[in-house]
Amino acid sequence: MNVEGKHVIIDAFECDSFLLDNMTYLEQLLTKAAQDADMEILYSYFHQFNPQGITGMLILSTSHISIHTWPEEGYASLDFYTCGEQDPMDQVESLLKGLSSKRAMIYSISRGAKQLQLISSKEMTLFDPSKGG
């Protein structure tokens with residue numbers, strides 16, 4: 001049995017605070033990412049905190065996608081983990097654009113590896129339309 005998987009961890013900064021506090025929108029965003037990656041959603045749970053912030057999770061047949069938001073900070077943390085054939089890195093840019101993130105740190109980890117590994121990371125700066133072409 002192959003237990004290896006792919007785990008992407010995202011720290012999204014300078015996000016749209018309104019989007020980070022919109023539970024319906026965030027559930028749709030994560031659902032679309034899972035569907036675009038051809039992943040089967042088994043269960044969805046999202047919780048709205050008072051006065052603001054959301055935590056949410058999609059349980060997938062191949063693992064999970066989660067999000068935790070701090071609208072007052074313009075920050076979201078996301079996990080996208082799969083033991084399937086799909087690569088969650090393929091969905092990173094659409095997730096970040098969906099949050100209107102201007103900057104992010106992305107970490108990619110191979111799970112179930114039987115030897116030491118180098119965890120890869122990169123910083124991503126997204127296009128800001130207000131600054132022109």
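Glu 93 is partly exposed in this predicted model, with a relative accessible area of 40%. Its salt-bridge partner is Lys 97, and the closest N and O atoms of the pair lie 3.1 Å apart. Lys 97 counts as exposed, at 53% relative accessibility. Both residues belong to helix α3, which spans residues 92–98. Because Glu 93 and Lys 97 are four residues apart in this helix, about one helical turn separates them.

Helix α2 (residues 23–36) carries another pair, Asp 36 and Lys 32. These two residues form a salt bridge, with 2.7 Å between the closest N and O atoms. Their spacing is four residues, so they are separated by about one helical turn. Asp 36 is partly exposed, at 41% relative accessibility. Lys 32 is also partly exposed, and its relative accessible area is 48%.

A search of the whole structure gives three salt bridges. One of them joins distant parts of the chain: Arg 103 and Glu 14 are 89 residues apart. Arg 103 sits in strand β6 (residues 103–111). Glu 14 lies in the loop between β1 (5–13) and α1 (17–20). The closest N and O atoms of this pair are 3.7 Å apart. That distance falls within the 4 Å cut-off, so the contact between a side-chain nitrogen of Arg and a carboxyl oxygen of Glu counts as a salt bridge. Arg 103 has a relative accessible area of 28% and is partly exposed. Glu 14, at 44% relative accessibility, is partly exposed as well.

Conventions
Residues are numbered from 1 along each chain as its sequence is written. This is a predicted model: local features need pLDDT of at least 70, side-chain atom pairs count only at pLDDT 80 or more; totals for chains, interfaces and linings use all residues. Side-chain values use heavy atoms; hydrogens and water are left out. Helices (H or I, at least four residues) and strands (E, at least two) are DSSP runs, numbered from the N terminus. Buried means under 20% relative accessible area, exposed over 50%, partly exposed in between (1.4 Å probe, protein chains only).
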